[in-house]
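Please look at the structure first.

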Amino acid sequence: RPVNLRVLNPKADAPASDPASASRRPAYEELRQVQWLPVLAAAPIEGLPWRPHSPCVASPDNTRPASDVWLVSFCAHLLDGEVSSSFVLELFGWDKPPRPALLCAQLAEVGSTYSAEVGPDEAVLLEHCIGPIYEQLQQIVGAPEFSGVKAALSRRATIWTGPERGLLPPSQVSFDDDASLCRYLAVAPPSLSPFRTLLVALGVRESSFSADDFLKANTCFVRDYGSSAPLPEAALQECVLNLRLASARGLSPETSPVFLPDADGILRPSPELTFNDAPWMPSAGQAGTRFVHGSVEPELAERLGAQSLRQLLLLRDKFTDTFPCPSSTQIQEALAGFGHESNVLLDLLEVADVLGAKGVHFCCDRRLHPSESLLFPTLVEFQGPALCVFMPGVALTTEELCLLHQHSADRWFKLRGRTPRFGR
């Protein structure tokens with residue numbers, strides 16, 4: 001309904017600064033603070049932020065014209081009526097844009113409440129709300145009052161990234177990144193290019209995200225979904241994508257713990273999880289082992305700090321009783337001392353004799369054997385061509401294998417009560 005405010009000044013078109021108005025100034029100041037203006041009690045547009053309890057009347061100092069609905073709907077009352085008097089507009093400060101503090105409060109509330117399902121539509125929101133707020137705030141970049149704007153917005157979800165993610169804090173948005181990012185990291189859309197000066201001043205990146213940024217995004221998943229319930233499917237996919245990008249950009253679990261989804265989709269610290277790099281092993285001996293989710297590749301899980309099932313099985317079954325193994329240099333020196341290659345065979349015959357073998361069979365195996373099921377991946381290079389020695393009826397003990405591996409030309413030892421002289 002129209003509101004007749006012309007009675008405030010006999011000269012309705014005269015500015016409030018007119019000398020004739022000076023005598024009335026105290027009364028005007030008091031009038032600005034009295035709650036007497038009719039204001040809207042409900043949001044005129046669905047999806048706009050709105051105060052939970054709105055009175056029927058408010059003071060002019062806490063009220064804005066209804067035309068500012070997109071800019072101040074959450075932080076100021078809206079006049080239920082129209083004002084055309086330039087005197088009244090100037091008197092109540094309505095001839096100027098809303099204060100930066102109001103714009104910041106409105107933008108922060110839009111960021112915390114926006115939902116693509118509820119709206120408003122992206123084009124409408126950018127044209128009437130986010131765009132005009134950015135435009136007005138950009139005008140004061142570099143001015144003293146901008147420090148308050150930066151303090152209010154730099155850590156809040158105030159940067160538009162699109163309907164899918166809504167608004168994110170400036171530190172989680174970049175103008176220059178070619179990766180498909182997760183819900184906590186985004187690339188600024190082209191529609192924000194006119195406001196680049198403002199957004200960079202607030203903290204939006206001009207370069208690509210670093211590994212630390214992806215690590216912070218990883219902790220955001222834990223913050224929002226916890227570590228006691230499975231991630232929703234969409235969040236699980238985004239979490240795994242974030243982990244891949246983090247690893248690709250050099251994230252190291254040594255600097256800070258990384259959370260991986262387990263087989264049930266629950267986020268857990270990576271050292272608590274095991275990746276299955278031995279799928280051929282029977283599951284009976286894996287009770288109590290907490291596995292990484294199947295969508296996380298073993299190589300990725302290993303880089304991010306999860307345990308290897310192979311190593312776990314070796315430790316559990318004491319397969320890691322180490323055998324002294326000569327270095328490649330020692331082997332080369334030993335072979336060089338043998339002279340002709342046939343001396344190697346003669347020494348092997350002596351070993352067979354010391355062990356009491358009734359026969360010895362030599363076979364040159366030129367095949368390349370599969371290496372997928374090796375518990376020690378470092379043994380892959382030994383799956384190629386090899387000289388095989390078979391001594392029927394002979395079985396070596398662990399101690400005997402150790403003695404043979406420790407063989408040195410300058411040290412004597414006994415093998416089954418005899419002192420072999422091979423290699424001397």
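## Helices H8 and H9

In this predicted model, Ala-211, Phe-214, Ala-217, Asn-218, Phe-221 and Tyr-225 of H8 touch Ala-235, Glu-238, Cys-239, Asn-242, Leu-243, Leu-245 and Ala-246 of H9. Contact means heavy atoms within 4.5 Å. Helices (H or I, at least four residues) and strands (E, at least two) are DSSP runs numbered from the N terminus. Sorted by class, the residues of this contact are 10 nonpolar, two polar and one charged. Nonpolar covers Ala, Val, Leu, Ile, Met, Phe, Trp, Tyr, Cys and Pro; charged covers Asp, Glu, Lys and Arg; the others, Gly among them, are polar.

The axes of H8 and H9 (residues 233-248) come within 9 Å and cross at roughly 155°. Axes are lines fitted to C-alpha atoms, for helices over the stretch in contact, and angles run from 0 to 180 degrees between N-to-C directions. H8 and H9 are therefore roughly antiparallel to each other. Angles under 35 degrees count as roughly parallel, over 145 as roughly antiparallel, 65 to 115 as roughly perpendicular, and the rest as oblique. The crossing of H8 and H9 is left-handed, a term used if the near helix is turned anticlockwise from the far one by less than a right angle, with right-handed used if clockwise.

## Helix H4 and its two partners

H4 (residues 100-113) and H6 (residues 146-153) have axes that come within 10 Å and cross at roughly 15°. The two helices are therefore roughly parallel to each other, and their crossing is right-handed. Pro-100, Cys-104 and Leu-107 in H4 meet Val-149, Ala-152 and Leu-153 in H6. This contact has six nonpolar residues, no polar and no charged.

With H5 (residues 122-138), the axis of H4 comes within 10 Å, at a crossing angle of roughly 135°. H4 and H5 are therefore oblique to each other, and H4 passes H5 in a left-handed crossing. On the H4 side, the contact includes Leu-103, Gln-106 and Val-110, and on the H5 side it includes Leu-125, Ile-133 and Leu-137. The residues of this contact divide into 11 nonpolar, two polar and no charged.

## The second largest pocket

The second largest pocket has a volume of about 710 Å³. On a 1 Å grid over the protein atoms alone, a pocket is an open set of points with protein on both sides within 12 Å along at least five of seven lines, a cavity is a set where a 1.4 Å probe fits but cannot get out, and lining residues have an atom within 4 Å of a point. Grid points are joined across faces, edges and corners, and a volume is the space filled by probe spheres set on the points.

H4, strand S6 (167-168) and H8 (211-225) are the elements that give two or more residues to the lining. H8 gives the most, with six residues. The lining has 11 nonpolar, eight polar and 11 charged residues.

## The cavity

How many cavities of 30 Å³ or more does a search of the whole structure find? The search finds one. The largest cavity has a volume of about 40 Å³. Among the residues that line this cavity are Gly-47, Pro-49, Val-110, Tyr-114 and Leu-125. The lining has six nonpolar, three polar and no charged residues.

## Notes on the model

Residues are numbered from 1 along each chain as its sequence is written, and side-chain values use heavy atoms, with hydrogens and water left out. In this predicted model, local features need pLDDT of at least 70 and side-chain atom pairs count only at pLDDT 80 or more, while totals for chains, interfaces and linings use all residues.
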